[in-house]
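These are my notes on the model you sent.

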Amino acid sequence: MVRKIAILTSGGDAPGMNAALRACVRAGLYAGKEMYVIYDGFRGLVEGQIKQVNKDFTQDIINRGGTIIRSARLPEFKEPEVIQKAVSILNDFDIDALIGIGGDGTFRGLNDLANHGIKVAGIPATIDNDVGSTDTTLGFSTALNTICDCIDKLKDTSGSHQRCSLIEVMGRHCGDLAMNAALAEGAEGVICVEHPLKPDVLFKRLRHMKAQNKSHAIIIVSENLLDINELAKTISEQTGFEARTEVLGRLQRGGSPTAHDRILAARFGAKAVDLLINEEVNQVVGVRNNQIITTPINEAVNMKHEHTHGLRDLIDRLE
Ligand code: ATP
């Protein structure tokens, strides 16, 4: 029987991690379990940074961005002796089960622990939304709203100067942030892995807009796909718009989670605890069509995220 459950947050921080931590701790305490937190992700685990917590620990954190138990990256976690060390620490603390809150890398670390006999559950949290076993990860909604907020402000200034703004957003391998932001902002263009740059189409559209004396243009670009400064230079040379670049960077990670992320965190956290209590171990939680689902972690780590169905076509029709 599971009596003691520990929780860690790992990988890039995402708004909603604290709300998920709160839900896990409270659902566990409600079920009569001893609840523990591990600071600094897998690194803190191998260092034994483990502390028992009560309900007060989770007071006033539901609305806080980041993660109060901090996150870290530990690339060495793939090495057998490091995993073995983590297993020994959990055994020393008499921890029966571990909940990991993070992205697909975090799930791989949890899967390795499961392969060494640790009972685990995973909660998807990463702003990129690049986890295959869920439609939506914690943090995605908040990051998208942050991006939209920044673009709304940029529109004011780029409109006043008749500029084209090229805005770089996160999501190197997954264009969900870029495509959803493009839809939400009515952007003139979006460039991401699922929707690559078509220079002729883009430049023709911008030239046409300039001829129509449109006040500004917004182009959203996923990070690390191309050199946006070079693209801005070409746009300035070829379309008549003065193009400027804005890299939103880590701003996208911060901020108070949206109500959507907080509620999803509550549902994910409660489900993760239920799984462990009911001995349905080594699963990750997710959401499909607004239903909470579970997937064996060894399958989840091999699943590829499908970007929102039909989004690309919708963008092409509305650009
Ligand atoms: P995000 O995508 O938001 O950054 P993530 O969980 O995918 O979140 P990663 O840095 O990829 O972030 O992974 C977090 C941690 O998980 C790593 O620092 C490492 O400790 C562990 N990890 C990642 N990949 C593996 C792996 N293949 N095997 C074991 N552990 C891993």
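1. A helix axis here is a line fitted to the C-alpha atoms over the stretch in contact, and angles between axes run from 0 to 180 degrees between N-to-C directions. The model is predicted. With that definition, the axes of helix 1 and helix 9 come within 7 Å and cross at roughly 40 degrees. Helix 1 is therefore oblique to helix 9. The crossing of these two helices is right-handed.

2. The contact between helix 1 and helix 9 draws on Ala19, Ala20, Ala23, Cys24, Ala27 and Gly28 on the helix 1 side, and on Arg262, Ala265, Ala266, Gly269, Ala270 and Val273 on the helix 9 side. By type, the residues of this contact are nine nonpolar, two polar and one charged.

3. Helix 1 itself covers residues 17-30, which is 14 residues. From first C-alpha to last it reaches 20 Å, close to the 20 Å expected at 1.5 Å a residue. Gly32, which follows helix 1, has a positive phi, near 85 degrees.

4. Which residues of helix 1 are buried? They are Met17, Asn18, Ala19, Ala20, Leu21, Ala23, Cys24, Val25 and Gly28. Their cover includes strand 1 (4-9), strand 2 (34-38), strand 3, strand 4 (97-102), strand 5 (119-124) and helix 9.

5. Helix 5 runs over residues 140-160 and has 21 residues. Its span from first C-alpha to last is 30 Å, close to the 30 Å expected at 1.5 Å a residue. After helix 5 comes Gln162, with a positive phi near 50 degrees.

6. The buried residues of helix 5 are Phe140, Ser141, Thr142, Ala143, Leu144, Thr146, Ile147, Cys148, Cys150, Ile151, Leu154 and Ser158. What do the buried residues of helix 5 pack against? Their partners are strand 6 (163-169), helix 6 (176-185), strand 8 (217-222), strand 9 (242-247) and helix 9 (259-277).

7. Helix 6 also meets helix 11 (residues 311-318): their axes come within 10 Å and cross at roughly 35 degrees. This crossing of helix 6 and helix 11 is left-handed. Met179, Asn180 and Leu183 of helix 6 touch Leu311, Leu314, Ile315 and Leu318 of helix 11. The residues of that contact comprise six nonpolar, one polar and no charged.

8. Helix 7 (residues 199-211) packs on helix 8 (residues 228-239) at an angle of about 50 degrees, with the axes 10 Å apart. The two helices are therefore oblique to each other, and helix 7 passes helix 8 in a right-handed crossing. On the helix 7 side the contact residues are Leu202, Phe203, Leu206, Arg207 and Lys210, and on the helix 8 side Leu231, Thr234, Ile235, Gln238 and Thr239. Five residues of the contact are nonpolar, three polar and two charged.

9. The last point concerns Ala72, in the loop between strand 3 (50-53) and helix 3 (80-92). Is Ala72 buried or exposed? Its relative accessibility is 10%, and buried means under 20%, so Ala72 counts as buried. Leaving aside residues up to four places away in sequence, Ala72 touches Ser10, Gly11, Asp40, Gly41 and Arg43. Glu242 lies 170 residues from Ala72 in sequence, and their C-alpha atoms are 41 Å apart in space.

Key:
Residues numbered from 1 in each chain as written. Predicted model: local features only at pLDDT ≥ 70, side-chain atom pairs only at ≥ 80, totals over all residues. Heavy atoms only, no water. Helix = DSSP H or I, 4+ residues; strand = E, 2+ residues; numbered from the N terminus. Expected span 1.5 Å × (residues − 1). Buried < 20%, exposed > 50% of the residue type's maximum accessible area, 1.4 Å probe, protein only. Contact = heavy atoms within 4.5 Å. Parallel < 35°, antiparallel > 145°, perpendicular 65-115°, else oblique. Left-handed = near helix turned anticlockwise from the far one by under 90°. Nonpolar A, V, L, I, M, F, W, Y, C, P; charged D, E, K, R; others polar.
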